[in-house]
Amino acid sequence: MSEEQDEELPLRERKKRATRQRLSDIATALFVERGFDAVPVTEVARAAGVSAMTVFNYFPRKEDLFLDRIPEAVELVATAVRQRAPDETPLAALHRLARQLLDGRHPLSGVGETFPPFWRTVTASPALRARAREGAEEVEEALAGALAGTGAPDPHLLAALTVAAYRTVFVTSARRLLAGDPVEEVARDHRRRLESAFAALERMAP
């Protein structure tokens, strides 16, 4: 959600979102510093000055404190398809979204100066890796639902192919960043691979 959209929300909702972000930021700093499995939720709660129950009210699963962008990813892909221009295909809308994420160095693009510590934390934790896979499935299901409203003959197949293609580009960039490759070089290759991925998807789409 953009800052403008956030400002349109009622004050109560804005406060809830701010609290959620604060909890995630505190937890992320602890997890990056010491490892996901080494930091219990009770310690996150103490650092935030709240109860463990409050943390779980915002994040029913510990993994979601760190992988807090999954709901945003679900919303972004569904919205891109449902609110696209009348003359824009679903794949074109998703391609545009992918470019925007990369241009803005959004966390969901996988490319950014500060991302390697995040990826090291994920790769070191089986629980986080498992949750990331579940998150990809949630995005795929949401995308299939949005595509079903477009008349696509096989929305689940198209959603699966699209998520798989994006994940391949995403993971490749993350691995290069972890290997120490320059961010701008990774970003250029990321963009090239996005173009190739969506060109292939367009050729496969009916």
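Predicted model: local features only at pLDDT ≥ 70, side-chain atom pairs only at ≥ 80, totals over all residues.
Local features need pLDDT of at least 70, side-chain atom pairs count only at pLDDT 80 or more, and totals for chains, interfaces and linings use all residues. Residues are numbered from 1 along each chain as its sequence is written, and side-chain values use heavy atoms, without hydrogens and water.

**View 1. Helices α10 and α11 cross at roughly 165°.** Helix α10 spans residues 155-178 and helix α11 residues 183-204 (helices are DSSP runs of H or I, at least four residues, numbered from the N terminus). Their axes come within 10 Å (lines fitted to C-alpha atoms over the stretch in contact, with angles from 0 to 180 degrees between N-to-C directions). That makes the two helices roughly antiparallel (over 145 degrees; under 35 counts as roughly parallel). The crossing is right-handed (the near helix is turned clockwise from the far one by less than a right angle). Contact residues include Leu 161, Tyr 166 and Phe 170 of α10 and Val 186, Leu 194 and Met 204 of α11 (contact means heavy atoms within 4.5 Å). By class, the contact has twelve nonpolar, five polar and four charged residues (Ala, Val, Leu, Ile, Met, Phe, Trp, Tyr, Cys and Pro are nonpolar; Asp, Glu, Lys and Arg are charged; the others, Gly among them, are polar).

**View 2. α7 packs on α10 at about 20°.** The axes lie 12 Å apart. α7 and α10 are therefore roughly parallel, and their crossing is right-handed. Leu 91, Leu 94, Ala 98 and Leu 101 of α7 meet Leu 158, Thr 162 and Tyr 166 of α10. Six of these residues are nonpolar, one is polar and none is charged.

**View 3. α6 packs on α9 at about 20°.** Here the axes are 9 Å apart. The crossing of α6 and α9 is right-handed. Among the residues that meet are Ile 70, Val 74 and Arg 82 in α6, and Arg 131, Gly 135 and Glu 138 in α9. The contact divides into eleven nonpolar, two polar and three charged residues.

**View 4. The largest pocket has a volume of about 1300 Å³.** A pocket is an open set of points on a 1 Å grid over the protein atoms alone, where a 1.4 Å probe fits, with protein on both sides within 12 Å along at least five of seven lines; lining residues have an atom within 4 Å of a point. Volume is the space filled by probe spheres set on the points, which are joined across faces, edges and corners. Of the 43 lining residues, Pro 107, Leu 108, Phe 118, Trp 119 and Phe 170 are the closest to the centre. α10 gives the most, with nine residues. The lining divides into 29 nonpolar, seven polar and seven charged residues.

Note on methods. Parallel < 35°, antiparallel > 145°, perpendicular 65-115°, else oblique.
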